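Visitor: Could you walk me through the structure we are about to see? I would like to know what stands behind each term.

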Amino acid sequence: MNTEQLDHWDELRALCASIMSVPVQDVVPQARLVADLGADSLDITELQAASEDHFDVSVKGVDPASVCTIGDVAVLIERLRTAQTSDAVTG
Amino acid sequence: MTHKNAVAVTGLGVRCGAGTSVGALWENLLTSRSAARMHAFDAEGTVVVPACPMPGFTPEGYLTAKEARRTDRSVQLAVCAATDAVADAGGLHVPAGRRAVVTGTAYGGVISQESGVGQPDVLYVPRIMPNAGAHWLSAKFEATGPTLTLSTACASGSHAVGEAMQIIRDGRADAVVAGGHESPMTATTALAFGRSGAMVTQCDDPARALRPFDTDRQGFLLAEAAAFLVLERLDHARRRGARIYATLTGYGCTSDAHHLTAPHPEGTGARACMEQALADAGTPADAVTHINAHGTGTALNDVAEARALTALFGPAAVPVTACKSVTGHSLGAAGALEAVITALSLHEGIVPPTANTTRLDPQCDLDVVTARPRKLPAGPAISNSFAFGGHNSCLVFDTPRP
């Protein structure tokens, strides 16, 4: 999956830059949240809450260890959005 | 007099409209240059009243962009002022476990509180909690001893300094960063104080609007500010050769138990507080060289405070100055700001004048220092703070003795 072609990429990028107080150009798919962007537990919590608000998904139950990079976040949000849409269709 | 329980004031730092540094504040006090202006409290410009804001303030250089996002403006002011105070003291020369922080604030992070109502983000609670300032200062200065926040409305900053001295006296810390911080610059706060009748809402000249003890006084002006002092064990400060601005020798803490917002009309709680502070310092009333008054320019405070002063010292017996005429009223920061000014007055041997007071209210039988600074003999001075809620705090500072 080409992360940068996802619908929500630009919005996510701006959100991450704001939350982690880093320049938007540093928010690239391979950037690691903690090691590269300096995210701490408050940033991660804020990103979870903001993702739910902005992208209308629920990240409850997601294993935080499965998310390491910005690309992981983008793919996760895409997966959750798709799952919700198909739930809505089947439901 | 030995003052064996005195503590040393070795560092000062401020942020306020009347000065972004201690030096700038002092100059403006000596020349009665007020920070007041007409200030729009909301983006739409529907609440515009005279006030003392800090329009150009940023915490840049003191907080990272991430830290700034996590802090209310009030805490940002605190970090800047306290960092300056610690630098002014030449650092904290005691182990982390012997460092303490005491902050005072009336409101906590009220700007963040109001802007987040109904739509709180993850940082809402740690931004608005009143003790946020104490956290940030403890983290910045690696203070792992007692770190506390007091909230007694307009006496918060003064109580913080007094309780900080008690922490040193009790042997619980050897150096304390103590002070107050407030940024009450919201439309709701301005409207509320305006409706309470205590604040000036209309005037021709904001810089001349706050007139303590004057016949034509109309109330106070809202200000944002932070002020911090570094207090140290006196023997420690002397041993390391620190510059000692003043010693803090006495602390009074009493209550009116009378009315939610009005002081006791005879100023009985205020008088008891000054007496307690003088007794604590071992200082007779006739040794006091000047009073840094609470002096809000409200009808109720000024008469009650004047009665308390006259009852204790005699009519017009001691010079009185009221610095809110220049700084405005920064609520929980005010007592600390005036503690800084009192310590500085002793250090410089000068009392700054009360600005704007030209016709003394005959009900206030005081020797108010007006028009120009007055030279001061060495000796003790009192800084007064009397709050909504009837909480009184008085601090006695003295000239350091060899």
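Guide: Gladly! Chain A has three helices and zero strands, where helices (H or I, at least four residues) and strands (E, at least two) are DSSP runs numbered from the N terminus. This is a predicted model, in which local features need pLDDT of at least 70, side-chain atom pairs count only at pLDDT 80 or more, and totals for chains, interfaces and linings use all residues. Residues are numbered from 1 along each chain as its sequence is written, chains are lettered from A and ligands numbered from 1 in the order in which they are written, and side-chain values use heavy atoms, leaving out hydrogens and water.

Visitor: What pattern does chain A follow along the sequence?

Guide: The pattern is α-α-α.

Visitor: What makes a residue count as buried, and how many percent of chain A do?

Guide: Buried means under 20% relative accessible area, with a 1.4 Å probe and protein chains only. By that cut-off, 36% of the 91 residues of chain A are buried.

Visitor: How many residues of chain B are in contact with chain A?

Guide: Contact means heavy atoms within 4.5 Å. Seven residues of chain B meet this against 13 residues of chain A.

Notes:
Buried < 20%, exposed > 50% of the residue type's maximum accessible area, 1.4 Å probe, protein only.
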